[in-house]
Amino acid sequence: MPTSSALTLSLIGGSMNIEHALVCVFSAALAEVAGFDVDPAVRRSPRADFQVDGALALARRLGRPPVQVAQEVLDRVDWAGLHATAQVAGPGFINVTLDDRFLAQELHRVATDERLGVAAATPQVVTIDYSAPNVAKEMHVGHLRSTVIGDAAARLLSFLGHQVRRMNHVGDWGTPFGMLIEHLLDIGETEAAHELSVGDLTAFYQAARAKFDSDPGFAQRSRLRVVALQAGDEQTRRLWRLLVEESEKYFLAVYGKLGVTLSDADFLPESFYNDELAPLVKELDEQGLLHDSQGAKCVFPPGFAGRDGEPLPLIVRKSDGGFGYAATDLASVKYRTGPLAADRMLYFVGTPQRLHFEMVFAAARQAGWIGEKVEVRHVNFGSILGEDGKMLKTRAGQTIKLIELLDEAVSRAAAIVADKSPHLEAETQAQVAWAVGIGAIKYADLSSDRVKDYVFDWDRMLATNGDTAAYLQYACARIGSIFRKGAVVPDPAAPVTLAHPAERALAMELLAFPAVLDTAARTVELHRLAGYLFGLAGLYTEFYSHCRVLGSAEQAGRLVLCDVTRRTLVLGLDLLGIVVPERM
RNA sequence: GCCCCCGUAGCUCAGCUGGAUAGAGCAGUGGACUUCUAAUCCACCGGCCGCACGUUCGAAUCGUGCCGGGGGCACCA
């Protein structure tokens, strides 16, 4: 049970999270009344600052009148470092209203804190698997969500103080490499390197594929080449490295354009696990988990049935002796929980792979590779749909190259910038266009629930008002404009009074930032952060239209509100991977 | 056939472990720049929360069953 001294410490020294403080205070009071732990159910409320609903649930369990229980709980609250008034309302809600001076004091703490009141979490080792393009294949829209969502998660968890390991599970192994290497030899290394590095991967892959399908001689050479590759033939390995390296250069170029934090240090391709696969299969066998089925080596994790109702196999070794992706994924789990000692493993892969990951995790648990306290999670997400409600494709039905999508976003944004901000220099316009265009794509992805499909719509995501990146970026630019216009540097330590309702509402929302980040990180639901930022920008605009800053009697305090708002928006957007231009 | 996800305003979406009159943004209508960026704001209009039962003080939220949409179910990853 939290004590009041612990609470005071948490408010002063650590997280300046009022919501969390209320949870502590009311948990203690509820536990005193109940004799056991009760969820206080602290919520923001339109009728007060917060409402505490836990007494209602408790009353039912105790079989007592809710209002009476609520009052009893309220009487036992030790407010410790909090300053608020509270009363029982309705059927047994407890409405809590914070003192204005207390709010101002908390805002002062946040304003003078580099981290805006966000305490560093107890550090965990978190592995984040995301992006995962395939060597010698074009990155397409299918890689967009994994890359964007995974990168935002990596940024958020790092900021919260976790030891984040970004892992790019690049597809660099398997049977297609026979034909790719043979094609490379056919056209010559120089030409191949050129095609790959400039990003013409589709043509390269398709040419190889076409020959493989039409030319039996080529197909035969390809098959032999796979064998040579797997056997470690030096010349073959060198050519394979060439393919991988050129592709990695290309991926890094795309990441640069997308503004993603993945670097060359984060490539952890499939082939990384090659030497682990045979021992892994052996270990499964020794544990008695491996079964022969139609020539394949399989694990049958309990609880999975196939079309015919029979137990569903996880094929770790194919009947031809090759390893399936289940083997690689199992190896990846083992590597993370073993040498890396991961506390939390997140795999950012689309929903269609749900069953596969459930089976991999179940098998890994059976094998004892996932400790009790370790969280492993398939962070799934829905598809990107076109305006016709089907998977996003070109008009001709082709998959859309990611790089072309990004270029179109930037050029569409450039047209908007040229229209709205002709006063900016050309170079600045180009920077703003990039930030707005890429921001639009990312924000559209991150602002709605991950697990749902979302409809890709240029006009909506690039709208200048509404729930878009551009709107949030513009709000930041306007705040910066106040500082420039007034030639003032906000003093974060300046005293703040929250006399106007718009000032007070803005301050309340600013103080909710740490709780929002906690929730977003815990649930891996980035749209909660996006939604918060949009709401914050709305409250700021309300403040902006009602409260004159420059030249007002409250200038110093209002500048603090502007400053904290801007820093919160910029930080929040940065955690989503979105860049905020100085001016627009 | 079995399993998973989704169904909220004309459109695109929020709604946190059930909580008080269901919220935004677009679109529509009507307003607001001699004043810190109008890439803005304000007001109005708009909803049997897919349907039906059930659980309870209370259900968009939990349970069951339907209806509709999507995805998955052995050697491609």
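The surface near RNA strand B divides into 25 nonpolar, 15 polar and 22 charged residues. Near means that a residue has a heavy atom within 4 Å of the strand. Ala, Val, Leu, Ile, Met, Phe, Trp, Tyr, Cys and Pro count as nonpolar, Asp, Glu, Lys and Arg as charged, and the others, Gly among them, as polar. This is a predicted model: local features need pLDDT of at least 70, side-chain atom pairs count only at pLDDT 80 or more, and totals for chains, interfaces and linings use all residues. Residues are numbered from 1 along each chain as its sequence is written, chains are lettered from A and ligands numbered from 1 in the order written, and side-chain values use heavy atoms, leaving out hydrogens and water.

**RNA strand B**
- R47, K318, N465, Y474 and S481 come nearest, of the 62 residues around RNA strand B.
- K318 has a side-chain N or O atom 3.1 Å from a phosphate oxygen of RNA strand B.
- Base nitrogens of RNA strand B lie 3.0 Å from a polar side-chain atom of Q51 and 2.9 Å from one of S421.
- Helix α18 gives the most to this surface, with eight residues. Helices (H or I, at least four residues) and strands (E, at least two) are DSSP runs, numbered from the N terminus.
- Sugar or phosphate accounts for 50% of the RNA strand B atoms within 4 Å of the protein, and bases for the rest.

**Salt bridges**
- The count comes to 32 salt bridges, each a side-chain nitrogen of Lys or Arg within 4 Å of a carboxyl oxygen of Asp or Glu.
- K211 pairs with D186, the closest N and O atoms being 2.7 Å apart. K211 lies in α9 and D186 in α7, so the pair ties together parts 25 residues apart in sequence.
- E283 and K334 form another salt bridge, at 2.8 Å between the closest N and O atoms. The pair links α12 to α13, 51 residues apart.
- Shared partners join E182, D186, K211, R221 and R225 into one network.
- E245 and R241 meet at 3.3 Å, N to O. They are four residues apart in α11, about one helical turn.

**Helix α8**
- In α8 (residues 189–197), A192, A193, E195 and L196 are buried; buried means under 20% relative accessible area, exposed over 50%, partly exposed in between (1.4 Å probe, protein chains only).
- These residues cover an arc of only 165 degrees around the axis, which puts them on the same side of α8. The arc is taken from the directions from the helix axis to the C-beta atoms.
- Just after α8, G199 takes a positive phi of about 95 degrees.

Conventions: A polar contact is a pair of N or O atoms within 3.5 Å; within protein, one must be able to donate a hydrogen and the other to accept it, and residues adjacent in sequence count only if both atoms are side-chain atoms.
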